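Trainee: Could you take me through one part of this structure closely? I am new to it, so please start with the surface and then go to the helix.

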Amino acid sequence: MEMSVDGSKSNIPEDFDIDMEDPETEKAAVTIQSQFRKFQKKKRDEKS
């Protein structure tokens, strides 16, 4: 199932709408980034 908007390779749904002014959005972003950094660090530590 391939969806393309004007031939661009964007996989963002058309109804993708995040309120960037919402403080909850910022909290969520910080949480996600924090988890992601932990994941990256863990991945690095396992390699070495």
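Mentor: Accessible areas come from the Shrake-Rupley method with a 1.4 Å probe, and for residues only the protein chains shown count as cover. The accessible surface of the chain comes to about 5200 Å², and 54% of that belongs to carbon and sulfur atoms. This is a predicted model: local features need pLDDT of at least 70, side-chain atom pairs count only at pLDDT 80 or more, and totals for chains, interfaces and linings use all residues. Residues are numbered from 1 along each chain as its sequence is written, and side-chain values use heavy atoms, with hydrogens and water left out.

Now the helix. The chain has 1 helix and 0 strands (helices are DSSP runs of H or I, at least four residues; strands are runs of E, at least two; both are numbered from the N terminus). Helix α1 covers residues 23-47, 25 residues in total. Its C-alpha span, first to last, is 37 Å, close to the 36 Å expected (1.5 Å times one less than its number of residues). Asp22 caps the N-terminal end: a side-chain oxygen lies 3.0 Å from the backbone nitrogen of Glu24.

Glu24 also forms a salt bridge with Lys27, closest N and O atoms 3.0 Å apart (a side-chain nitrogen of Lys or Arg within 4 Å of a carboxyl oxygen of Asp or Glu). The two are 3 residues apart in α1, about one helical turn. Lys27 is exposed at 51% relative accessibility (buried is under 20%, exposed over 50%, partly exposed in between, with a 1.4 Å probe and protein chains only). Glu24 is partly exposed at 48%.

Asp45 and Lys41 form a salt bridge too, at 3.2 Å. They sit 4 residues apart in α1, about one helical turn.

Terms used. Polar contact = N/O pair within 3.5 Å; in protein donor to acceptor, adjacent residues only side chain to side chain.
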